[in-house]
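Take a look at the sequence and the structure below. Then read on for a short tour.

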Amino acid sequence: MQFRVPREAFGEFLKEIGKDERIVVLTADLASSTRANFFQELYPERFFNVGVAEQNMMGIAAGLSASGFIPIVTTFAIFASGKGWEQIRQSICYGGFNVKIVATHAGITVGEDGATHQGIEDIALMRTIPGMVVLVPADGVETISLLKKAIEYDGPVYMRLPRGETEIVYKDRTPNTDIGKSEVLIEGKDITIGACGVMVPYAIKGASILKEKHGISAEVLNVSSIKPIDKELIIKSVKKTGCMLTVEDHTIYGGMGSAIAEVLSQNFPVPLKIMGVPDEFGVSGKPYDLLKYFGLSETHIAESALNLLKNFKNP
Amino acid sequence: MKSYLIFLRTNLKKRKVKVDEASLKEFEKIAREVRILTLKSLTRAGSGHTGGSLSAVEILVSLYFKEMNIDVNDPSNPDRDRFVLSKGHGAPALYAVLAKKGFFPESALWTLRKLIPQPESPRGYVPSILQGHPDRKKTPGLEASTGSLGQGLSIGIGMALAGKISKRNYRVYVLMGDGELQEGEIWEAAMSASHFKLDNLCGIVDNNGLQIDGPVSSVMEIQPLADKFRAFGWNVLEIDGHSFKEIFSAFEKARNLKGAPTVIIAKTVKGKGVSIFENKVKYHGVAPTEEELKIALKELGEDAV
């Protein structure tokens, strides 16, 4: 079954993985919003709602892991990465504990709740902690696939999910992505477009515009493993295309674009454009209107690609 | 395996010392030796937290040499009792206790806070197993990594919950500082420990009354502490944190109180055991000099540095 809302996929995954008695699930008063309640209904004895107390939740998860359980911690992206940051750093990661943090409601596409609930800094915050794995699946199918890999992996993982529906990217095949492994979704030769999470379908649409209206062949990468990042795939792609555009529902500082810039600048420098939320807070609105407001729609992606090609590649 | 564990537990219980005057003397001797090792390691490190290490010595010795069911030869036994040093800066005293208990040789104490030169290793140095603040991945016998204050009680709650859902009878002990109780996470944790009815959890407050910037009461008052914990649903015991008799008896009471967690508020003296360090804010975060160490060792009955 394909879920259009990734957190629904997460809830369904919890039902299945809950058969494994090592799994415990924690939330901070967001059981229904995160779909952790799917687990709660089946395995109430291994479910803990700690109330609105994210710091305590992260520490409790560390302690459960210390005794052999695999805790899956879930809340909104801004609360997980912001309120619990130092507990994630010291109690979980420095302690070397096997905790999986699944944060929903990431990015400006949270929509109407506005800036306070739109976590646009979480990738940057999580990526700087030594040893933390950061995953941003593109749709419900990849969510389940990467959740399986995250549970198999022994160590801390942060997974970022959106609030709303996404278009299904993996309609008729299983994802080949993994921890440290991204993949080419569309092959191309003129420009590489790297995207993650909800922006992947928009990158695909942007590539279609480029092809249909301008005859430009864009290669689209699903960079769902932001840390560790798939250096080889990115370098291989730009060796072919010679330039790269990145697009994410996250601040332009410290996110996927920055991670890709670190790879390119130190290995194979090519012209690069990072698209994301500029240095400002989000606002209330419908998700797609917000993407347009912040210049992240498929049309903006195609335009940015054209500018990059015009200004740098073929001046 | 199970019968082995039962054997181990009864064996450990048998080893528990009856508290008569002679055995009290024995615990006092261990405490004195722990103070000596702590101060020597701090002086050799050249930095570290003297006051809050010394105030916790009797509590730590009671836990590791009497109260806790732990076996140095079977450190990951799932039924072992757990200890979390939430006030991570008290690490030097804990390291001395772990060394005396046999988790690692006493000689490791002289590497406290140091990068150890090792020309043949890829980076030219190797880190000490004894970091400035507890790192469970490096130090044998440690259960959690702490140092940034306020986090240990939550970890202890996770361990206690794990004990409940896996139906194991181990107990969890968390030692907190009093200044540390100013952290909000402690009270999130306190609320949840009683909500989850964690009677297998025992908190201890090393109530020495001083923090880096001065007396706790003038920096940010935490009193009435017993009332606060009671209001959060805990059993509260108040004792002299340097009296082995009172510590032993509090741990025994805590073990028998069911349905809620227990906190032992242990009144202590910062820098306890060495007159020049006692009740001095200055020694919160500085190590003894060679001169001060000489005075301290003399007071503790040892001459050789």
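This report goes from the whole chain to its parts, and then to the contact between chains.

## Chain A as a whole

The model is predicted. Chain A has 13 helices and 12 strands. Along the principal axes, the C-alpha atoms of chain A fill a box of roughly 60 × 40 × 35 Å.

Of the 315 residues of chain A, 59% count as buried. Now take the contacts in chain A with a separation of 6 or more: residues 24 or more positions apart account for 78% of them.

## Two domains

Chain A is divided into domain 1, residues 6-160, and domain 2, residues 183-313. The C-alpha centres of these two domains of chain A lie 26 Å apart. The domains also touch: 23 residues of domain 1 of chain A are in contact with 27 residues of domain 2 of chain A.

Three elements of chain A each supply at least two residues of the domain 1 side of this contact: helix 7 (122-127), strand 5 (133-135) and helix 8 (140-152). By class, that side has 13 nonpolar, 5 polar and 5 charged residues.

## A buried strand

Start with strand 1 of chain A, residues 23-27. 5 of its 5 residues are buried, so strand 1 is largely enclosed by the rest of the structure. Both of its faces are covered. On one side sit A:Ile23, A:Val25 and A:Thr27; on the other sit A:Val24 and A:Leu26.

Strands of a sheet pair through backbone hydrogen bonds, either parallel or antiparallel. Strand 1 of chain A pairs with strand 3 (residues 70-76) of chain A in the parallel sense, over 5 bridges. Here A:Val25 stands opposite A:Ile72. Strand 1 of chain A also runs parallel to strand 2 (residues 47-49) of chain A, joined by 3 bridges. In that pair, A:Leu26 stands opposite A:Phe48.

## A closer look at A:Phe48

A:Phe48 is placed in strand 2 of chain A. Is A:Phe48 buried or exposed? A residue counts as buried if 20 or more other C-beta atoms lie within 10 Å of its own. A:Phe48 has 26 C-beta neighbours inside 10 Å, so it is buried.

Which residues does A:Phe48 touch, leaving out those up to four places away in sequence? They are A:Val24, A:Leu26, A:Ile60 and B:Leu161. A:Ser258 is 210 residues away from A:Phe48 along the chain, and their C-alpha atoms are separated by 36 Å.

## Helix 6 of chain A

Helix 6 of chain A spans residues 85-94. 8 of its 10 residues are buried, so this helix is largely enclosed by the rest of the structure. Among the buried residues are A:Ile88, A:Arg89, A:Ile92 and A:Tyr94.

What do the buried residues of helix 6 of chain A pack against? Their partners are helix 4 (54-66) and strand 4 (100-104) of chain A, together with helix 6 of chain B. Just after helix 6 of chain A, A:Gly96 takes a positive phi of about 75 degrees.

## A five-stranded sheet

In chain A, 5 strands form an open sheet with mixed pairing, in the order 7-9-8-11-12. The edge strands are strand 7 (183-186) and strand 12 (272-277) of chain A, and each pairs on one side only. On average, neighbouring strands of this sheet are turned by 25 degrees against each other, direction ignored.

Strand 11 (residues 244-251) of chain A runs parallel to strand 12 of chain A, and 5 bridges join them. A:Leu245 stands opposite A:Lys273 in this pair. Helix 11 (residues 256-267) of chain A lies across strand 8 (191-195), strand 11 and strand 12 of chain A. This helix runs at about 145 degrees to strand 11 of chain A.

## Where the chains meet

24 residues of chain B are in contact with 23 residues of chain A. On the chain B side, helix 6 (152-165) and helix 7 (184-195) each supply at least two residues. The largest share, 10 residues, comes from helix 6 of chain B. The residues on this side of chain B divide into 8 nonpolar, 10 polar and 6 charged.

Notes
Residues numbered from 1 in each chain as written. Chains lettered and ligands numbered in written order. Predicted model: local features only at pLDDT ≥ 70, side-chain atom pairs only at ≥ 80, totals over all residues. Contact = placed C-beta atoms within 7 Å. Helix = DSSP H or I, 4+ residues; strand = E, 2+ residues; numbered from the N terminus. Nonpolar A, V, L, I, M, F, W, Y, C, P; charged D, E, K, R; others polar. Buried ≥ 20, exposed ≤ 12 C-beta atoms within 10 Å, placed from the backbone. Pairing = 2+ DSSP bridges. Domains from an automatic or database assignment. Axes fitted to C-alpha atoms, helices over the stretch in contact; angles between N-to-C directions.
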